Amino acid sequence: MTRSRKPLTDADYRHLAEFRHLLRQFTAFSEEAARGTGLLPQHHQALLAIRGFGGRLTVGELAQKLAIKPHSAVGLADRLVEAGLVARQTNAKDRRRVELTLTAAGSRKLADLSQSHREELRRLAPSLLPLLKNWGKD
């Protein structure tokens, strides 16, 4: 059964535009903050994915979490290992499984960035939360 779609109103378009603007503001902030610590934005995203999704990810899982191709994740992991921010470790239970973990340097860099990101999200929350809360209401 096809659901009939209600046409979008001017308010709907305004809310979508505001939401997209706030997302872009946060993304721009995040990219600049990463560069300010000497990281590329994708390096920061990889560190956050590893830490945020359990502290251990395979390269394939990293690719999935960052929505990138597996061969791109291999190169990204290589660069992070070379920079001393990530280490490759063999899983103790399955020796075929190689996982990426943060080094102490990677953890410190991520902690610093995450503090500033939390502050930025707190700054944006008063604008963002009402958009999310009211989306879809008639």
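Gly36 is found in helix α1, where helices (H or I runs of at least four residues) and strands (E runs of at least two) are taken from DSSP and numbered from the N terminus. The structure is a predicted model, in which local features require pLDDT of at least 70, side-chain atom pairs count only at pLDDT 80 or more, and totals for chains, interfaces and linings use all residues. Residues are numbered from 1 along each chain as its sequence is written, and side-chain values use heavy atoms, with hydrogens and water left out.

Gly36 has a relative accessible area of 64% and is therefore classed as exposed (over 50%; buried is under 20%, and partly exposed lies in between, for a 1.4 Å probe and protein chains only).

At the level of the whole chain, five helices and two strands are present, and their order along the sequence is α-α-α-α-β-β-α. The radius of gyration is 19 Å, well over the 14 Å that the globule rule gives for 138 residues, so the chain is more spread out than a compact globule; the radius is taken over C-alpha atoms, and the rule is 2.2 Å times the number of residues to the power 0.38. Along the principal axes, the C-alpha atoms fill a box of roughly 55 × 40 × 25 Å. Buried residues make up 28% of the 138 residues of the chain. Of the contacts in the chain with a separation of 6 or more, 52% join residues 24 or more positions apart, a contact being heavy atoms within 4.5 Å.

His117 is located in helix α5 and counts as buried because its relative accessibility is 8%. The side chain of His117 forms a polar contact of 2.7 Å with the side chain of Ser30 (N or O atoms within 3.5 Å, with one able to donate a hydrogen and the other to accept it within protein; residues adjacent in sequence count only if both atoms are side-chain atoms). A polar atom of the His117 side chain also lies 2.7 Å from the backbone oxygen of Leu113. Beyond neighbours within four places in sequence, His117 is in contact with Phe26, Phe29, Ser30, Ala33 and His44. For the pair His117 and Phe29, a sequence separation of 88 residues corresponds to a C-alpha to C-alpha distance of 8.2 Å.

His117 also belongs to the lining of the second largest pocket, together with Phe26, Thr27, Ser30, Glu31, His44, Gln45, Leu48, Ser114, Arg118 and Leu121. Two or more lining residues are contributed by each of α1 (10-36), α2 (41-52) and α5 (104-134). A pocket is an open set of points on a 1 Å grid over the protein atoms alone where a 1.4 Å probe fits, with protein on both sides within 12 Å along at least five of seven lines; lining residues have an atom within 4 Å of a point. The lining comprises three nonpolar, six polar and two charged residues (Ala, Val, Leu, Ile, Met, Phe, Trp, Tyr, Cys and Pro being nonpolar, Asp, Glu, Lys and Arg charged, and the others, Gly among them, polar).

His43 is placed in helix α2; with a relative accessibility of 12%, His43 is counted as buried. When neighbours within four places in sequence are set aside, the contacts of His43 are with Leu76, Arg79 and Leu80.

Two loop positions complete the description. Ala67 occupies the loop between α3 (59-66) and α4 (70-82) and is exposed, at 70% relative accessibility. Although Ala67 is not a glycine, its phi is positive, at about 55 degrees. Most residues other than glycine have a negative phi. Gly84 is situated in the loop between α4 and β1 (86-90) and is partly exposed, with a relative accessible area of 31%. Apart from neighbours within four places in sequence, Gly84 is in contact with Thr103, Ala105 and Gly106. Gly84 and Gly52 are 32 residues apart in sequence, with 19 Å between their C-alpha atoms.
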